[in-house]
Amino acid sequence: MLTKDALLIIDNTLQEKTIPESKIDFLRSIRDLLRTKSAPYIAVHGPCPDGTVTGALLLDIFPRAAILPLDYWFINHPQLRSIANSLEWLAVGDLKPLNPSYTKQLYVDHHRTSISQLFNAHEVYFNSKGASASAVLFDATRSLFQYAPQLEELVDLTRITDTGNHPGLPPLDPPCGVESCSHDELVWLFEDANSSCVTAFEILDLIEGFRRKGVSHLNSPSIQSRIKILRKNRKIAWEAGQKNVKPADFVVVIAKDLQFDSRSLLLSALQKANIGGVSIIEEQSRKCRLSFRIRKDVQKSNKEWEKYRIDLLATSLNGGGHMAAAGAKADSVELAKEKILAWAKSLNMSVSVADLRHA
Ligand SMILES: [Mn+2]
């Protein structure tokens with residue numbers, strides 16, 4: 001596929017309004033990126049801390065390539081996925097295999113759901129037990145390739161963030177500077193710098209800044225002010241979860257797209273769960289996206305926790321991911337709820353549902 005064909009598909013998608021409001025700015029930025037940067041292209045998962053650092057490593061290997069951050073809603077969208085599956089990627093990182101008929105230079109991933117797939121690359125770095133894609137790539141190639149030294153600290157941060165081993169709960173207070181913060185605070189600063197990205201250019205700024213300056217790039221005023229807003233919204237969502245979710249083995253929290261910081265809402269809800277939970281976010285089209293989690297302490301203390309593997313449930317809902325953190329989609333909140341309730345029942349779990357759509 002030529003870049004101009006990709007641009008045409010994006011323009012049509014923007015006109016037909018088949019994506020939720022919250023993704024429009026991102027899609028426009030991908031269009032602008034394709035217009036201003038020429039091939040070869042590298043696809044990485046984004047916004048995502050692991051995707052960003054994988055992008056920084058790949059840019060160190062292929063300095064002349066242009067990075068396109070893509071999220072799963074993009075590569076699974078009925079029209080947009082044809083872009084992901086027909087551009088001739090130089091490399092793909094932290095994403096499921098794209099355009100399997102084209103031979104890439106390098107492919108790196110660690111998603112369990114990619115195990116049986118065709119990677120088709122000269123160099124494949126895949127380890128479904130790897131902490132993160134960037135760790136898989138870095139550990140396998142650091143002796144062969146001289147990465148910029150400031151990248152190692154970032155790779156180590158992804159070993160924490162990509163396995164969901166963040167220290168404590170997400171901070172609700174404004175961010176501090178890199179020099180004055182503890183390591184735990186640094187983990188959250190890194191995480192929040194990524195999750196506060198709305199456009200592909202903000203993600204590219206992280207990738208390029210990380211590559212040049214390492215973690216000190218997190219001191220950039222635009223990143224700091226983004227994080228400040230994110231944490232304010234996080235606090236609102238956190239309080240809504242604490243107030244409305246009732247305790248159960250598995251908690252379901254439902255909200256509208258853009259109504260809350262959905263991640264904070266899910267984490268807040270998980271505080272009331274014995275095992276795990278899901279956020280169901282309804283989009284304008286009445287379709288919804290789901291985000292599943294199994295509590296960290298359950299993964300550590302319950303030897304049989306794998307029977308709750310939510311990646312399998314996610315796969316049955318057009319999604320995928322990891323055993324304890326996965327995402328999916330459904331045509332309506334009711335359909336999603338039905339599937340989740342049946343699944344929970346088959347595992348003898350109690351369920352509570354908090355519907356905040358009209359809260
Ligand atoms: Mn990853």
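The radius of gyration is taken over C-alpha atoms, and the globule rule is 2.2 Å times the number of residues to the power 0.38. The legends below describe views of a predicted model.

**Figure 1. Overall view of the predicted chain, with 14 helices and 11 strands.** For 359 residues, the rule for a compact globule gives a radius of gyration near 21 Å; the chain has 20 Å, which agrees. Along the principal axes, the C-alpha atoms fill a box of roughly 50 × 45 × 40 Å. Buried residues account for 45% of the chain. Of the contacts with a separation of 6 or more, 62% link residues 24 or more positions apart.

**Figure 2. Close-up of the largest nonpolar core, a set of 63 residues.** The members that touch the most others are I42, A43, A56, W89, A91 and I207. Helix α9 (residues 200-213) gives the most to this core, contributing 6 residues. A second, separate core comprises 41 residues, among them A240, V251, A314 and A354. Beyond its neighbours within four places in sequence, W89 is in contact with Y41, I42, A43, L98, N99, Y102 and K104.

**Figure 3. Helix α9 and its packing partners.** At 1.5 Å a residue, the 14 residues of α9 should span 20 Å, and the end C-alpha atoms are 19 Å apart, which agrees. The buried residues of the helix are A200, E202, I203, L204, L206, I207, G209, F210 and R211. After α9 comes G214, which has a positive phi near 65°.

**Figure 4. The parallel sheet of 5 strands.** This open sheet has the strand order β2-β1-β3-β4-β5. Strands β2 and β5 form its edges, each pairing on one side only. Neighbouring strands are turned against each other by 15° on average, direction ignored. Helix α3 lies across β1 (41-45), β2, β3 and β4, and runs at about 155° to β1.

**Figure 5. Strand β4 (residues 104-109) and its two pairings.** Of the 6 residues of β4, 5 are buried, so the strand is largely enclosed by the rest of the structure. Strand β3 (residues 89-93) runs parallel to β4 and is joined to it by 3 bridges. In this pairing, V92 has Y107 of β4 as its bridge partner. With strand β5 (residues 121-126), β4 pairs in the parallel sense over 5 bridges. Here L106 stands opposite E123 of β5. In a regular strand, side chains alternate between the two faces of the sheet.

**Figure 6. The open sheet of 6 strands, with mixed pairing.** The strand order is β9-β10-β8-β7-β6-β11. At the edges are β9 (320-321) and β11 (351-355), each pairing on one side only. Strands β8 (residues 288-294) and β10 (residues 325-330) run antiparallel and are joined by 6 bridges. Helix α11 (residues 262-270) lies across β6 (248-256), β7 (273-282), β8 and β11, running at about 155° to β7.

Terms used
Residues numbered from 1 in each chain as written. Predicted model: local features only at pLDDT ≥ 70, side-chain atom pairs only at ≥ 80, totals over all residues. Helix = DSSP H or I, 4+ residues; strand = E, 2+ residues; numbered from the N terminus. Buried ≥ 20, exposed ≤ 12 C-beta atoms within 10 Å, placed from the backbone. Contact = placed C-beta atoms within 7 Å. Core = buried A, V, L, I, M, F, W, Y, C linked by C-beta atoms within 7 Å. Expected span 1.5 Å × (residues − 1). Pairing = 2+ DSSP bridges. Axes fitted to C-alpha atoms, helices over the stretch in contact; angles between N-to-C directions.
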